Amino acid sequence: MYRKELSYYFSTPIAYIAIALYLLTISLVLWVVPGRWNIIDSGYAQADGLFWLSPWLLLLLCPALTMRLFAEERQSGTWDVLRTKPISLTRIVLGKYFAAWTVVILAQLPCLIHFAAISALAEPAGNIDHGALLGGFIGLMLVSAMLTAVGTWASTLSLSQIVCFLLAFVVGLLIMLACRLIDPATLQSGVLALQDIVLYLSIGILFIVLAIGRLSRL
């Protein structure tokens, strides 16, 4: 299931367009668009703009990649065929979830190029807090894991991919605001408290369980 879903993403323009827009937006904000997050304008070897912008972009990227997971299967009628195969519902959901999350991670990995550029521009070269950058990057991975789980759950609620996208976006936004996850200081500092990690993972697991529960009733 995981391989099937992953190959689907890269056999259609979905993944390429989503990843390109994500990376282009971040690159423009960090290097081209004038402002406080522009690295050249700021005069500091820091990636605060990346950690400020990425959570907002993930609120769009994750729903865009997950909205079709089950809505498309059910709309096309292939869901009934899939359920007749000797594979458990849990494995189906997890396979689709991890395929979508893999694509999100692949979208984030090229951002390491920005870290390399910042390190080269520092005075002296390499004089940056690599631990903070790594911690912030891991934080983004955890946020994306949680939002991908929310999107997986939302894709089980409607046959309309647009409705699934909007549900995933709204619910994800409410969760992040309620838990104060959209806090640049948290990711910029690179310090991940155990309670934050547990929170991200707990919410993600909760929505995967909700997705399985919803599909079991279809």
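This is a short tour of the model, stop by stop, from the whole chain down to single residues.

**Before selecting anything**

The model is predicted, so to speak of local features pLDDT must be at least 70, side-chain atom pairs count only at pLDDT 80 or more, and totals for chains, interfaces and linings use all residues. Residues are numbered from 1 along each chain as its sequence is written, and side-chain values use heavy atoms, with hydrogens and water left out.

**Whole chain**

Show the protein chain as a cartoon. There are twelve helices and zero strands; helices (H or I, at least four residues) and strands (E, at least two) are DSSP runs, numbered from the N terminus. Colour by burial next: 48% of the 218 residues count as buried. Buried means under 20% relative accessible area, exposed means over 50%, and partly exposed lies in between, with a 1.4 Å probe and protein chains only. Contact means heavy atoms within 4.5 Å. Among the contacts with a separation of 6 or more, 80% join residues 24 or more positions apart.

**Helices α2 and α4**

Select residues 13-32 for α2 and residues 48-66 for α4. The two helices pack at an angle of about 165°, and their axes are 10 Å apart. Axes here are lines fitted to C-alpha atoms, for helices over the stretch in contact, with angles from 0 to 180 degrees between N-to-C directions. The pair is therefore roughly antiparallel; angles under 35 degrees count as roughly parallel, over 145 as roughly antiparallel, 65 to 115 as roughly perpendicular and the rest as oblique. The crossing of α2 over α4 is right-handed. A crossing is right-handed if the near helix is turned clockwise from the far one by less than a right angle, and left-handed if anticlockwise.

Show side chains at this contact. From α2, the residues include Ala18, Tyr22, Ile26 and Val29; from α4, they include Leu50, Ser54, Leu57 and Leu61.

Stay on Ser54 in α4. Ser54 is buried, at 0% relative accessible area. Beyond its neighbours within four places in sequence, Ser54 contacts Tyr22, Ile26 and Leu140.

Move to Ala20, in α2. Ala20 is partly exposed, with a relative accessible area of 41%.

**Helix α5 and Glu73**

Select residues 71-76, helix α5, and pick out Glu73. Is Glu73 buried or exposed? Glu73 is buried, at 8% relative accessible area. Not counting residues up to four places away in sequence, Glu73 touches Lys4, Glu5, Arg68, Thr78, Trp79, Leu82 and Lys96. Its C-alpha atom is 10.0 Å from that of Ser155, which is 82 residues away along the chain.

**Helix α8**

Select residues 112-121 and look along the axis. Which residues of α8 are buried? They are His114, Phe115, Ile118 and Ser119. These four lie on the same side of α8, because they cover an arc of only 140° around the axis; the arc is that of the directions from the helix axis to the C-beta atoms. Ile113 and Ala120, on the other side of α8, are exposed.

**Cysteines**

Finish with Cys62, buried at 0% relative accessibility, and Cys164, buried at 1%. A disulfide is a pair of cysteine sulfur atoms within 2.5 Å, and by this rule there are zero disulfides.
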